[in-house]
Amino acid sequence: MRLAIKEIPDRTLFGSDAPYGDPVLARATVERVTGPGEVRDRVLGGTMAELVGIG
C-alpha cells in the first residue's frame, strides 16, 4: 500500500520530535509522501513563512 499527501490545510505546520526524533528522517518521510510542488513546499516551511510574513 502506498500513501500520499495530496492536500494540506492552510493551518497545518510541519514539525519534528527533535531532539528525540530524527528531523532528517521526518523530512525524508514528507518528501516520500508528497510530490514536488506547492503541497511539499507548504509542509516544509511555506505555511510558517507565510504566517510570520517572510514568504
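A salt bridge is defined here as a side-chain nitrogen of Lys or Arg within 4 Å of a carboxyl oxygen of Asp or Glu. The structure, a predicted model, holds two salt bridges. Local features were taken at pLDDT of at least 70 and side-chain atom pairs only at pLDDT 80 or more, whereas totals for chains, interfaces and linings use all residues of this predicted model. Residues are numbered from 1 along each chain as its sequence is written, and side-chain values use heavy atoms, with hydrogens and water left out.

The secondary structure of the protein chain consists of two helices and zero strands; both element types are DSSP runs numbered from the N terminus, with helices (H or I) of at least four residues and strands (E) of at least two. The protein chain exposes about 4600 Å², of which carbon and sulfur atoms supply 56%. Of its 55 residues, 15% count as buried, where buried denotes under 20% relative accessible area, exposed over 50%, and partly exposed the range in between (1.4 Å probe, protein chains only). With contact defined as heavy atoms within 4.5 Å, residues 24 or more positions apart account for 57% of the contacts in the protein chain with a separation of 6 or more.

In general, side chains of opposite charge can pair when their charged atoms come close.

Val30 lies in helix H1 and is buried, with a relative accessible area of 9%. Thr34 is located in the loop between H1 and H2; Thr34 counts as buried because its relative accessibility is 5%. A polar atom of the Thr34 side chain lies 2.8 Å from the backbone oxygen of Val30. Arg40, in helix H2, is likewise buried, with a relative accessible area of 18%. When residues up to four places away in sequence are not counted, Arg40 touches Glu31, Thr34 and Gly35. The C-alpha atoms of Val30 and Arg40, ten residues apart along the chain, are separated by 7.3 Å. For Arg40 and Glu7, 33 residues apart along the chain, the C-alpha separation is 9.2 Å.

On the surface, Leu13, Met48, Leu51, Val52 and Ile54 form a nonpolar patch with about 530 Å² of accessible area together. Patches comprise residues with over 30% relative accessible area and no salt bridge, like charges being joined within 9 Å and nonpolar side chains (Val, Leu, Ile, Met, Phe, Trp, Tyr) within 5 Å. Val52, one of the patch residues, is placed in helix H2 (residues 38–52). Val52 is classed as exposed because its relative accessible area is 52%.

Note on methods. Accessible areas come from the Shrake-Rupley method with a 1.4 Å probe; for residues, only the protein chains shown count as cover. A polar contact is a pair of N or O atoms within 3.5 Å; within protein, one must be able to donate a hydrogen and the other to accept it, and residues adjacent in sequence count only if both atoms are side-chain atoms.
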